[in-house]
Amino acid sequence: MDEQRETLQRIVSTLANKNDEIHNFIDMLNHTIKNVQVNSSNVISELDKEFDGLYSILHEMKGSMANTIQQEEAHKIQALQDQLSQCSNALESSEELLELAAQSLDIKDPVEFLQAARQIKDRVTMASAFRISLKPKVSDSMTHLMVDFALERRMLQAVKFLPVPKPPEIDLAACLVADNCITVSWKMPEEDSRIDHFVLEYRKTNFDGLPRVKDEQRWELIDYIKATEYTLSGLKFDTKYINIRVQACNKAVAGEYSDPVTLETKAFVFSLDSTSSHLNLKVEDTYVEWDPTGGKGQEKIKGKENKSSGAPSPKRTSNSARSSLRGSRDHFAGESYTVLGDTAIQSGQHYWEVKAQKDCKSYSMGVTYRNMGKFDQLGKTNSSWCIHINNWLQTTLSAKHNNKTKTLDIPVPDRIGVYCDFDGGQLAFYNANSKELIHTFRTKFTQPLLPGFMIWCGGLTVSTGLQVPSAVKTLQKSENGLSVSTSSLNNIA
């Protein structure tokens, strides 16, 4: 009976997952239909613009060519009219000379006749009728301004839609996720010399299946990538996975996106737990600040919020849920100016960073078991480990555990990385900028750990969602002699 019930529960779970996948696919199909309608309208609008531009160019070219023909016509007519005027003047002069010559033939006196003949001969020699060309200066042909658009017509008739670049193929084996950076590599299915650039889009998600339409963050876009590889850097891994897709673009059109790939972005994400923090601390997400008013102003604001709304905020609900997982606890009190993380470490390797304000007088960072009392201080119990920075008079840096202290002769970095290997029993502190080791505790963790912080006068900012840096992994493998075990620390007076 129990075995059949268990089998049926697995079937129900499988069907539920399948139904969820189908619902997701239906949402994607409906979203795609809307995109097809919108994109078709956009393409038709672009087509109208292209043809309008073509019509405008043809109309402009026609006007320019017609103007050239008219100018040629005016030039030829003017040249012919000038030649016609010259010929008319020459003809008039020649007719006068002809009439004079005819009259001279009737002269009887030899002396007078010879004189008249000599004058006519001189005038004929100088007459314009014998010096003008009787050939038109320009022809009446206008064929040199004819056009033949047969070739262009064939080219226009051959116009087709631009060849759309094919979707790139992401090389999953060549993709690398490390140091909160993601290197994505891809290739084209076939050589395409017309590719101008690529567009990469990524989106954080908590689902390892197909990208979803609902309940997802929007795609972030990186444009004008010239190479077939790109590295996304400075990411916060605050979700389990990241979807990535790439598209190729030529000078005029973008192709379809590649099949999206899903890469795992494993990192330790937590917030600071304001429900149990000391009342002299103001806590907001991953920031904590010393509050000398004793939290009275904060409590007053909280009281107003509780009166104005019967429903708790999502963040408060989330914190309460996480808090309930480790059991409710009182606020830290007395001189334990402490705040804990809201997520426990139970296995694996984790990393986070802490940055203190410049005017911070005293602060600690480390880990503790859940059983830390409300008056206990980090490093002063056998269930907590930390490094402590004191900026009074002179700056000191020390490692603390079980009320034992070891002074560290190392400059205090402005940003400290905390590395916790639960299974390997290591808690190490690093200069977050140079990745130089500050101190390492070695022990066997027997209970879940919570990140812990102490602050007095000043503020701390905690950066989570970070992967263990490659440099830290390398140092952890080679770091043996530099480690300080818990047992040796306990022997420090």
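Biologist: Where is the place of asparagine 403?
Modeller: Asparagine 403 sits in the loop between strand S15 (396–401) and S16. Keep in mind that this is a predicted model.

Biologist: Why is asparagine 403 called exposed?
Modeller: Its relative accessibility is 52%. Exposed means over 50%. Asparagine 403 therefore counts as exposed.

Biologist: What is phi of asparagine 403?
Modeller: Phi is near 65 degrees there. That is a positive value in a residue other than glycine.

Biologist: Asparagine 180 has a positive phi too, of about 55 degrees, and it is not a glycine. Where is the place of asparagine 180?
Modeller: Look at the loop between strand S2 (176–178) and strand S3 (181–187).

Biologist: Is asparagine 180 buried or exposed?
Modeller: The relative accessible area of asparagine 180 is 6%. Buried means under 20%. So asparagine 180 is buried.

Biologist: How much of the chain is buried?
Modeller: Buried residues make up 34% of the 493 residues.

Biologist: How many helices and strands does the chain have?
Modeller: There are seven helices and 22 strands.

Biologist: Take helix H1 (residues 2–104) and helix H2 (residues 110–126). At what angle do they pack?
Modeller: The angle is about 160 degrees, and the axes are 10 Å apart.

Biologist: What makes H1 and H2 roughly antiparallel?
Modeller: Angles over 145 degrees count as roughly antiparallel. The packing angle is about 160 degrees. H1 and H2 are therefore roughly antiparallel to each other. Their crossing is left-handed.

Biologist: Which residues make the contact?
Modeller: H1 brings Leu97, Leu100, Ala101 and Ser104. H2 brings Phe113, Ala116, Ile120, Arg123 and Val124.

Biologist: How do the residues of this contact divide into nonpolar, polar and charged?
Modeller: Seven are nonpolar, one is polar and one is charged. Arg counts as charged, and Arg123 belongs to the H2 side.

Biologist: Now the sheets. What is the order of the open sheet of four strands?
Modeller: The order is S5-S4-S7-S8, and the pairing is antiparallel.

Biologist: Why do strand S5 (220–225) and strand S8 (261–264) stand at the edges?
Modeller: Each has a single partner strand, so one side of each is left without a neighbour in the sheet. Neighbouring strands of this sheet are turned by 25 degrees against each other on average, direction ignored.

Biologist: How do you know that strand S4 (residues 197–205) and strand S7 (residues 241–249) pair?
Modeller: Two strands pair if there are at least two bridges between them. S4 and S7 have nine bridges, in the antiparallel sense. So they pass that cut-off and count as paired. For one partner in S7, take asparagine 243, the bridge partner of arginine 203.

Biologist: What is the order of the open sheet of six strands?
Modeller: The order is S11-S20-S13-S14-S15-S16, again with antiparallel pairing.

Biologist: What makes strand S11 (338–340) and strand S16 (404–407) edge strands?
Modeller: Each of them pairs on one side only. From one strand to the next, the twist averages 20 degrees.

Biologist: How many bridges join strand S13 (residues 362–369) to strand S14 (residues 384–390)?
Modeller: Seven bridges join them, and the two strands run antiparallel. At least two bridges are needed for a pair, so S13 and S14 qualify. Serine 362 has asparagine 390 as its bridge partner in S14.

Technical notes:
Residues are numbered from 1 along each chain as its sequence is written. This is a predicted model: local features need pLDDT of at least 70, side-chain atom pairs count only at pLDDT 80 or more; totals for chains, interfaces and linings use all residues. Side-chain values use heavy atoms; hydrogens and water are left out. Axes are lines fitted to C-alpha atoms, for helices over the stretch in contact, and angles run from 0 to 180 degrees between N-to-C directions. Angles under 35 degrees count as roughly parallel, over 145 as roughly antiparallel, 65 to 115 as roughly perpendicular and the rest as oblique. A crossing is left-handed if the near helix is turned anticlockwise from the far one by less than a right angle, and right-handed if clockwise. Contact means heavy atoms within 4.5 Å. Buried means under 20% relative accessible area, exposed over 50%, partly exposed in between (1.4 Å probe, protein chains only).
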